[in-house]
Amino acid sequence: MTPVFLYMLTSVAVVSVLSLIGISLFSLGHKAFHQIVFGLVALAVGALFGDAFLHLLPEAYKDPAQATSSSLWVMGGILLFFVLENFLQWRHQHSDEHEEIHPVGYLNLVADMTHNFIDGMIIGASYLVSVKLGVATSLAVMLHEIPHEFSNFGILVRSGFTRRRALFLNFMTALAAVAGGVIAWQAGRGTDSLIHILIPFTAGGFIYIAGSDLVPQLHKDIKTVKALVQFLAILAGVGIMFLLKIME
């Protein structure tokens, strides 16, 4: 086990631990907590759209020769999440269980796990080039993950999960970063083709979740003040992703 591998493993482990950031909201009372969650869902809309259109899609279309295949993978992501949500809705309606979990919660877990896996692979591949590049890439991913994990936590709680279960599930999906880092390290440059598929696929998933599930939730409450707060939170989500883009 080389020192560089340990650096890489530490980086992806830190990225995974950031998923527990939602614990900072546990001390809030019921009313205050759900008001924060209301804002986090709107923030998630901006963060997911911002991540898809400012980070993932530009990366997917970096190579003009891959433009058509990238477009197909984006649409494939949208269609797969559509089918998955229909299945979850059908299963929910025909289940004897009385657990009221909205399918968007499960969809978000799938998309977030894929996203974390990509992050881990990118970090692992960066350390194969140099420790300096690996550290820089890890810092960029960590900065990106803080608002993203707050948003994920808000989506899960809004979907019906308890605070503790939302935190646990968010952490479990974050462990995909560790798996991605180790696989990238073992496979070396052979991971590039898989990353080129997963990036547009995840972008399609994010676009579907934000546009199909989260935006309609925001439209359920159209009071002027709340609508303004929602709009500002969406702008904040996009703005954070834009600032991170500039810092890359």
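## Getting started

Helices here are DSSP runs of H or I with at least four residues, numbered from the N terminus. This is a predicted model, in which local features need pLDDT of at least 70 and side-chain atom pairs count only at pLDDT 80 or more, while totals for chains, interfaces and linings use all residues. Residues are numbered from 1 along each chain as its sequence is written, and side-chain values use heavy atoms, leaving out hydrogens and water.

## Aromatic pairs

Let's look at the rings. Rings of Phe, Tyr and Trp (its six-membered ring) pair if their centres lie within 6.5 Å; planes under 30 degrees apart are stacked, over 60 edge-to-face, and the rest tilted. There are four aromatic pairs in the structure. One of them is the tilted pair of Phe49 and Phe53, at 6.2 Å centre to centre and 40° between the planes. Both residues belong to helix α2 (residues 30-60), four residues apart, or about one turn of the helix.

Tyr106 and Phe161 make an edge-to-face pair, with 5.6 Å between centres and 85° between planes. Tyr106 is in helix α4 (residues 103-129) and Phe161 in the loop between α5 (131-159) and α6 (163-174), so this pair ties together parts 55 residues apart in sequence. Phe161 is buried, at 4% relative accessibility (buried means under 20% relative accessible area, exposed over 50%, partly exposed in between, with a 1.4 Å probe and protein chains only).

## The nonpolar core

A nonpolar core is a set of buried Ala, Val, Leu, Ile, Met, Phe, Trp, Tyr and Cys residues joined through side-chain atoms within 4.5 Å. The largest has 48 residues, and Ile209 is among those with the most contacts inside it. Helix α2 gives the most to this core, with 13 residues.

Conventions
Helix = DSSP H or I, 4+ residues; strand = E, 2+ residues; numbered from the N terminus.
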